[in-house]
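My entries start from the picture below.

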Amino acid sequence: MVLADFAEVVKKGTRDEALLASIAWDRLPRHVAIIMDGNGRWAAQRGQPRIAGHRAGVEAVRAAVDTGARLGLGALTLYAFSTENWKRPRFEVDALMRMLRRYIRLELDEIHRQNIRFQTIGRTGSLAENVRREINRATEKTASNTGMTLSVALNYGGRAEIVDAARRAVERLIAEGKDAAALTEEKLGAELYTARLPELDLLVRTSGELRISNFLLWQAAYSEIYVTETLWPDFRRVHLLEAILDYQRRDRRFGGLKLVANAK
Amino acid sequence: MSRIITALIVLPILVASILVPWLSPLFVALALASMTLGIYEFWLLAKRRGLKPDVVVGFAGAAALFTIFYFDRPYETSLLLILFVIPALTIFALALTMLRGAPFENMIASVGATLLGVLYVALLGGHLVAVRMGFEQELSAHLLSFFFLIIMGSDTGAYYTGRMFGRHKLAPKISPGKTWEGAVGGMVASLLMAVAAHYWFFPELPLKFALPLAAAMNILGVLGDLTESALKRGAGAKDAAQILPGHGGLLDRLDSLLFSAPVIYYFGRLYFG
């Protein structure tokens, strides 16, 4: 029974348990991505510095990863740092990088134990050496795990990803002696960071903003979007379950008329 | 006997103040109380040598340092402010002693005693407050549990192996009770504690770091212990003062952890990012 995976963390009679009981286990989203927004606002509401919000956000990351792994999602992708975030004050960028390092140091064993495959997406080449070393260690250690793939988007931009992918796809075509007309969606899709991941079914954004913010532009073409007012540091298992239940109530048509995938 | 009773009362309070998230003020209060008394004992030793430490300036400096340690937070350290407090303290201690007027025969030693009391007890020991406040609850609990397990393990291991097998004196002129056999027993015990901590609650700290860290803490603990004995001996006192029944002075309790406190703090900062 799938619920058994939650037996040690979910108490009887709680809202978590009620939500878990109503989830349709055969129609789980294959891939959930989250835009983790609201750390700054959370801190401002408490009169604390922004870093305090990021700090509190780490707890939400742990909750989301743990819940995703127990649910048995194929993939969970977290938007941690965009190509635009470099514009933030240097000490904030610095703190975010150190948080990432500490997160991996502290959580890698647990991630590995849960059979999670860790990877990053984005132009990680421009991150600091000690952060990259930590990322590589985690990626290598978990490379052969067969459970959920946890992708952390770092120095990630959706347009940059498409441009990088298009460039590589075209280079491949040139190498094969073909012309531009031979470029297909599949060929471009195979060059994206997410090539090995299942289709993005659900895109969650916290903190109530109605924007996609350059995240997974290509992959989100037919994703269901779920926006919650909850600020990221307050996001817990119950919020992820609510998002998934909301997703399961929707009719997904992928542009056609017939109900697909979710219609059972 | 009174030694065991004191330990039975203090130890659970210490453990709770480390493990229970909302009891962090209790940990700070314990540290504040013991270090205030520790500094005072240090100055009492200085007074036995005829020096006149400036207790007011010294306590003000210690309070400033303590405040800085208290406001340390993960990813935003406050410890750079120490660079502001130490010069200010130096200036005040010197200038106020000068303004008080002659005689100046012992001025160097007296101002030195004021500053050293602050540096030795508040600056070194205060790092434990920074470990409690400057890391996330879970990590700080793990680091402090590790710290006290090593310290207590090496003290206890040294005491009992020394009593059973002790033959060769370690430092007869400073602390006649200490033996090489006890020192080895303390080292072995602290390494065993590091292994125990790793498998018991701290898997995030790999053994290749936990063991050297424990070894360094053990050596610093012995050095700290001997150093405090030498200070007492120089001042012609047996115990720094009698505050905890059976435990000698508070400085005698703090001596083995003061040198290691900065080590665990900076290790945590560097290793865990």
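Predicted model: local features only at pLDDT ≥ 70, side-chain atom pairs only at ≥ 80, totals over all residues.

**Entry 1**

I traced the strand order first. Chain A has an open sheet of six strands, and the order reads β3-β4-β2-β1-β5-β6. The pairing is parallel. Which strands stand at the edges? I found β3 (117-121) and β6 (224-227) of chain A there. Each has a single partner strand, so one side of each has no neighbour in the sheet. I also looked up the twist, which averages 20 degrees from one strand to the next.

Next I picked one pair. In chain A, β2 (residues 75-82) and β4 (residues 149-156) pair in the parallel sense over seven bridges. I followed A:Tyr79 across and reached its bridge partner in β4(A), A:Ala153.

**Entry 2: two helices in chain B**

I noted that two packed helices are described by the angle between their axes and the distance between the axes. I looked up both for α5 (residues 107-133) and α10 (residues 261-271) of chain B. The angle is about 40 degrees, and the axes are 7 Å apart. The crossing of α5(B) and α10(B) is left-handed.

Which residues meet? From α5(B) I listed several, including B:Leu124, B:Leu128 and B:Val131. Among those they meet in α10(B) are B:Ile264 and B:Tyr265. The contact of α5(B) with α10(B) has eight nonpolar, three polar and no charged residues.

**Entry 3: where the chains touch**

I found 11 residues of chain A in contact with eight residues of chain B. On the side of chain A, α3 (50-71) and α4 (90-113) each give two or more residues. The largest share, eight residues, comes from α4(A). By class, this side of chain A has five nonpolar, no polar and six charged residues.

Note on methods. Residues numbered from 1 in each chain as written. Chains lettered and ligands numbered in written order. Pairing = 2+ DSSP bridges. Helix = DSSP H or I, 4+ residues; strand = E, 2+ residues; numbered from the N terminus. Axes fitted to C-alpha atoms, helices over the stretch in contact; angles between N-to-C directions. Left-handed = near helix turned anticlockwise from the far one by under 90°. Contact = placed C-beta atoms within 7 Å. Nonpolar A, V, L, I, M, F, W, Y, C, P; charged D, E, K, R; others polar.
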